[in-house]
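The following note sets out numbered remarks for the colleague who has the model at hand. Please read each point alongside the coordinates.

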Amino acid sequence: MVKPCWKPSVEGDGSRRGSDGTARRGGDPNGRCDGLMWYKDLGSLVNGEFSMAVIQANGLLEDQCQLESGSLSFLNSGPSGTFIGVYDGHGGPETSRFINESLFQNFKKIATEHQEVSANVIKKAFLATEEEFISQVKQQWLEKPQLASVGSCCLVGVICDGLVYVANVGDSRVVLGRAEPAYGGVTALQLSTEHNASIESVRDELRLLHPDDPQIVVLKHKVWRVKGIIQVSRSIGDAYLKKAEFNKAPLLAKFRLPEPFSKQILNPEPSIFIHKLNPKDQFLIFASDGLWEHLTNQEAVDIVHNYSRNGIAKRLVKAALKLAAKKREMRYSDLKKIDRGVRRHFHDDITVVVVFLDQSSVSRSFFRSSTSVSIRGSRGVSSPRS
Amino acid sequence: MKMGRFRGFSMKHRVNMLFRVFRRNRSTTGYYRLDRPSSCWKTKASSCLFNMTNYLKTKAKAICSSSSARNLGPKRIMSRGYTQFGHDPNGGKTESSDVPKGQLAVYVGQKDGDFQRVFVPVIYFNHPLFGQLLREAEEEFGYNHPGAITIPCRISEFEHVQTRIKQGRTPRKLLSWKRQASS
């Protein structure tokens with residue numbers, strides 16, 4: 001009766017079992033686990049505070065996330081700020097894990113070369129990561145061809161010098177909560193552009209790019225899919241939909257596209273948006289589509305506005321799970337009894353990162369060098385435990 | 001420590017659940033609709049009639065006493081049309097008000113036929129035999145299917161799987177498949 005146990009990928013196991021566990025209440029630096037949930041209730045960073053939570057639904061957790069606060073380059077005098085990444089994998093966990101390992105390093109390297117943080121730097125970091133992953137697919141082509149069918153969405157936010165850079169590939173989303181003093185509430189502002197074939201403009205873009213292919217988007221199970229296979233039109237990985245050389249044996253036929261293609265079908269280029277922070281901007285909610293299929297932007301910002309910061313990401317995840325349970329005509333308490341893998345029939349992997357923007361602290365530059373945070377969401381269950 | 005406590009709790013909970021289920025199995029008030037003779041369902045007309053009377057009976061009882069719904073619940077089967085009309089009178093304010101604790105509603109049936117609403121113990125979902133049915137559901141409807149899970153198979157086939165799971169449910173066996181499923 002061994003319960004799968006999650007390990008955060010940062011040093012020092014947050015889910016430790018043993019006699020000293022009681023001493024780690026609340027202030028656990030690396031987050032903790034509760035069944036299929038990993039969470040970090042509250043932590044502080046250069047520009048404010050943060051809360052993170054991940055729930056696993058797939059047999060292998062496909063969502064990954066990270067938060068890096070402090071220096072954003074390898075230079076001591078370089079830019080500092082906060083980097084948030086949410087990576088929602090599909091077809092397997094490999095691509096999202098790869099991004100979690102390498103994207104921030106690529107970003108730092110390129111920011112060092114350019115001595116700045118900019119949209120261009122972020123875009124280059126995305127493309128460098130894509131290139132590295134595709135070359136891994138190539139290297140392992142003979143022994144692990146199925147790597148060509150694994151991909152990931154990639155949402156990044158960089159908060160630096162009063163700006164929020166949002167770069168997105170796929171259908172994760174970041175929503176800003178802005179205070180409305182007139183009625184004491186908070187309004188939701190979506191900062192990311194999504195690339196999901198359910199959006200008409202995305203389908204139009206695909207049809208425009210592939211005028212000779214009437215099957216470029218197909219309605220399947222009442223859901224629009226690119227080539228009838230995948231909902232997102234942009235991604236990292238998915239080598240078999242990028243280069244024809246990976247759409248053949250030894251990749252198994254069931255993972256392949258039946259007909260050959262000459263032009264890449266999915267695009268790795270991020271949509272980038274730069275938002276200038278306003279004193280009324282209170283917080284950012286980064287989440288994979290698992291959250292947004294249950295909660296609207298406004299519902300999510302209302303929850304964050306109405307409850308205390310401590311554990312707010314976990315609260316959002318729970319709100320989504322309660323709705324998922326209701327849709328499946330069951331109780332939330334019963335949903336929790338369902339094992340990973342089977343859980344996918346009830347909800348997707350869900351990752352939530354909430355960043356509170358305490359803007360007075362942005363100007364306190366002397367704190368910058370001392371407050372450095374690096375935390376990654378749970379690695380999930382990677383192998384059977386005895 | 002946290003995990004240790006959690007495990008302990010979980011184990012206790014599951015053992016409790018086992019005994020609860022075990023007791024249920026021994027009782028003669030079998031709560032699955034499997035106990036119904038299948039001949040009732042041979043023809044569409046009789047099944048419709050049965051559905052209708054059952055539905056009316058259920059609703060009448062539910063009106064008289066809300067607590068009776070639980071005793072009656074598991075035996076209740078309805079065609080999809082009826083349940084959609086009547087199963088959530090609160091407009092979705094409470095979660096699945098008529099579903100007994102520890103169970104969830106699924107729809108079973110084949111294309112163009114009647115879909116029957118059946119209550120299934122939640123822990124059956126972790127059973128490998130049930131997993132096969134779920135894979136079929138995923139192939140047919142995808143994961144994004146709105147509403148309750150719909151299993152595209154004949155009700156007799158579904159009952160067969162349930163019976164097999166039920167028969168294999170001595171506590172020791174249950175523990176072993178639980179272990180397999182969670183590893």
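1. A:Cys33 has a relative accessible area of 2% and is therefore buried, where buried means under 20%, exposed over 50% and partly exposed in between, for a 1.4 Å probe and protein chains only. A:Cys153 likewise counts as buried, at 2% relative accessibility. A search over all chains returns zero disulfides, a disulfide being a pair of cysteine sulfur atoms within 2.5 Å. A:Cys153 is in no disulfide, and its nearest cysteine sulfur, that of A:Cys154, is 8.7 Å away.

2. On provenance and conventions: this is a predicted model, in which local features need pLDDT of at least 70 and side-chain atom pairs count only at pLDDT 80 or more, whereas totals for chains, interfaces and linings use all residues. Residues are numbered from 1 along each chain as its sequence is written, chains are lettered from A and ligands numbered from 1 in the order in which they are written, and side-chain values use heavy atoms, with hydrogens and water left out.

3. Chain A contains seven helices and 17 strands; helices (H or I, at least four residues) and strands (E, at least two) are DSSP runs, numbered from the N terminus. Of the 386 residues in chain A, 59% are buried. Among contacts in chain A with a separation of 6 or more, 68% involve residues 24 or more positions apart, contact meaning heavy atoms within 4.5 Å. The chain exposes about 15,600 Å², and carbon and sulfur atoms supply 49% of this area; accessible areas come from the Shrake-Rupley method with a 1.4 Å probe, and for residues only the protein chains shown count as cover.

4. Just after α1(A), A:Gln115 adopts a positive phi of about 55°.

5. A:Lys138 forms a salt bridge with A:Glu245, their closest N and O atoms being 3.8 Å apart. Because A:Lys138 lies in helix α2 of chain A and A:Glu245 in the loop between β13 and β14 of chain A, the pair ties together parts 107 residues apart in sequence. A:Lys138 is exposed, with a relative accessible area of 52%, whereas A:Glu245 counts as partly exposed at 35% relative accessibility.

6. The salt bridge between A:Lys227 and A:Asp213 has its closest N and O atoms 2.6 Å apart. A:Lys227 lies in the loop between β12 (223-226) and β13 of chain A, and A:Asp213 in the loop between α3 (200-209) and β11 (217-220) of chain A, so the pair ties together parts 14 residues apart in sequence. Elsewhere, salt bridges that share partners join A:Glu49, A:Arg309 and A:Asp358 into one network.

7. A:Gly290 lies in helix α4 (residues 289-292) of chain A and is buried, with a relative accessible area of 0%. Leaving aside neighbours within four places in sequence, A:Gly290 is in contact with A:Asp348, A:Asp349 and A:Ile350.

8. Chain B comprises seven helices and four strands, and from the N terminus on its elements run α-α-α-β-α-β-β-α-β-α-α. Of its 183 residues, 44% count as buried. The accessible surface of chain B comes to about 10,000 Å², with 57% belonging to carbon and sulfur atoms.

Note on methods: A salt bridge is a side-chain nitrogen of Lys or Arg within 4 Å of a carboxyl oxygen of Asp or Glu.
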